[in-house]
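This report describes selected features of the structure shown below. Please consult the sequence and the model while reading.

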Amino acid sequence: MSGMDRDLAINVTGLNKYFGPKHVVCDLSLQVKHGEIFGFLGPNGSGKTTSIRLLCGLLKPDSGSGTCLGYDIIRETSSIKREVGYMTQRFSLWEDLTISENLEFIARMYGMKDRRPLIDQALEKLGLTSRRDQLAGALSGGWKQRLSLAACMLHKPKLLLLDEPTAGVDPKARRDFWEEIHQLAADGITVLVSTHYMDEAERCHRLAYLAYGHLLVSGTSQEVVDSQALAGYEVTGPDLAQYARTLHGLPGVDQITAFGTTLHVVGRHAAELERTAASKRAEGPHEWKQIRPGLEDIFIGLMETAKDNYT
Amino acid sequence: MSTALSWSRWSGIIIKEFIQLKRDRLTFGMIIGIPIMQLILFGYAINSDPKHLPTAVLDADHSLYGRSLLQGLKNSEYFRIDREIATEAEAGDLLAHGTVQFVVTIPPDFEKKLLRGERPALLIEADATDPNATGNALAAVAGVVRTALARDLKGTPSAASPASDPVDVRLHRSYNPEGITSYNIVPGLLGTILTMTMILMTGLAMTRERERGTFENLLATPARPLEVMTGKIVPYILIGLIQVTLLLGAALLVFRVPMMGSVLLLYLSVSLFIAANLTLGITFSSIARNQLQAMQMTFFFFLPSILLSGFMFPFRGMPEWAQWVGTVLPLTHFLRLVRGIMLKGNTFVELWPNIWPIGLFMLAVIGLGLGVYRKTLD
């Protein structure tokens, strides 16, 4: 293990994975530090799930190499499996087992001793002690997700791989979930989490954006925003949908996104966009207010560029 | 209007159904494969009037008449005289092993007695565990003997008394003297029911995990393929043993099938057979993508098992290629084991030739299964 590997929970370079002729992961290089919460963002089908599976040994890369917790991701998958907790995108515990039976089974799979107190503890922490004999299939989405997290935490992994853990979960449960993630990170556990939610992205220490199998950008959310140097305006006024149509193709305007009662107009060429904004503002009656583009604007922009480059 | 049947909706459902059927290659294959397989099996392989049955001859007389008689049996096409033996002990062995279907014994002084018109005995012992296999052959014997000797005996005292046959043909149906078919069917059912339930139950076990998405969770744990496969098998072994006990109880108490051999040996054979079927089921479920496909594979295996194993139709009545296929199937050997133990009282040594093929089948299937079991999701 090199010195650098010791600081990194995940360190992979040049990973490639094909499904038939489809190149799902292209030259993925990723470094995640211990104790970090790392966000994986990207549209559906961008290779997030495949990348996570490559990291935990569920899939074998066609080329590339690297380590996960210091273990080789090709040769030492069984060691990786023992120290990684992987939460699948879809609920994958046994719906026809009760909550405690599920935990008991997972504990046995990891060869854990003194399972009883650990399971009782996990149930207590989950707040499911009174419902321990309920079938897992009878739980609501939020509870299923909490149970899944408890199950993949049971063997005290050093690294958590969470694949869209909050998809379809209500805002309160999502907030609680993220509180827990931050708790875990504070305890020194590394967390790699994929998500579609921008508010969640901003709660990660660092993040990466994937599209069409390519990692387009990574860093803190501030770094990601700065790296793209986008200029943006928030437009308010009457008949926004109609107004948006007139803006398409104007110099400097790269993307227009409707946000309820406002439009976000974003462009890569700040000066051009400024000129357009000035002339439009003069025409009235719409108001143009300069804003700093957020992650969402950045990602939509990245996706558009990626579409031109990789498809 | 909303209650009226809509042509567009109805045809939409039909079209969608066809599209989905087309996508499921295995189902589509089965739709074509099953009728063809049935046609070949029923049309060519199955023969409820088996001929050329292996026969051993104990000829203590070595006379001309004996030879014409054997020639007559051969010409009837029911008997294929494979070997000549010298002692009765040998005859018993061959029948117990199931090497031959019949032993024809021509006693000493056969010719002498025949010429004197003393109606010498001709003993035909049959392995009648499956009455279907021997019935027609035995029915044909009397006629065959009469015509075979008619020419040779012209002008002798035997021929002078046309009222009675010149030879006293004694048919001895070993192991099932009354030719009760349930003696054969009930032990056979033991095998077919086990084949069906064991393969199906385990076939569904793994595909269920895959269909519900729990397989990914299992793969993410350090569980090894061998642990998963064998661990999934054990509960069904117990279920299989319960089934056997129920069936065996019914066979003995309701159908009054005799139990000549060792119960322990029977249970050992059953356990091996169950294990072989379960490994096949697990392998099927590793190959199949969903539960429906696993069921279809089970059916595809079950059909030849039931038709070519000697359960429904006599094994020896089938053409050679079908016998080869049958020899691979564990049910074929299991039927011989069960019949051997229950009806013949076979011991381990006599059973061994039918034990190792099941074990070999199982090992081959485990090898295939471990190869197919995907430790990764690729």
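Which residues touch the most other members of the largest nonpolar core? In this predicted model, they are F102(B), V103(B), V145(B) and F273(B), in a core of 85 residues. Helix α11 of chain B, residues 263–287, gives the most to this core, contributing 11 residues. At least three residues come from each of domain 1 (53–174) and domain 2 (181–372) of chain B. In soluble globular proteins, nonpolar side chains tend to be buried together.

Beyond its neighbours within four places in sequence, V103(B) is in contact with A56(B), L58(B), A91(B), L94(B), L95(B) and E125(B).

Chain B as a whole has 15 helices and five strands. Its radius of gyration of 27 Å is well over the 21 Å that the globule rule gives for 378 residues, so chain B is more spread out than a compact globule. Of the residues of chain B, 39% count as buried. Among its contacts between residues at least 6 apart in sequence, 81% join residues at least 24 apart.

| Property of chain B | Value |
|---|---|
| Radius of gyration | 27 Å |
| Span of the C-alpha trace along the principal axes | about 95 × 55 × 35 Å |

Chain A contains an open sheet of four strands, ordered β2-β1-β4-β5, with antiparallel pairing. Its edge strands are β2 (22–33) and β5 (71–72), each pairing on one side only. Strands β1 (residues 8–19) and β4 (residues 63–68) of chain A are joined over five bridges. The bridge partner of I10(A) in β4(A) is C68(A).

Methods: Residues are numbered from 1 along each chain as its sequence is written. Chains are lettered from A and ligands numbered from 1 in the order in which they are written. This is a predicted model: local features need pLDDT of at least 70, side-chain atom pairs count only at pLDDT 80 or more; totals for chains, interfaces and linings use all residues. A nonpolar core is a set of buried Ala, Val, Leu, Ile, Met, Phe, Trp, Tyr and Cys residues joined through C-beta atoms within 7 Å. A residue is buried if 20 or more other C-beta atoms lie within 10 Å of its own, exposed if 12 or fewer, and partly exposed in between; C-beta atoms are placed from the backbone. Helices (H or I, at least four residues) and strands (E, at least two) are DSSP runs, numbered from the N terminus. Domain bounds come from an automatic or database domain assignment. Two residues are in contact if their C-beta atoms, placed from the backbone, lie within 7 Å. Two strands pair if DSSP finds at least two bridges between them. The radius of gyration is taken over C-alpha atoms; the globule rule is 2.2 Å times the number of residues to the power 0.38.
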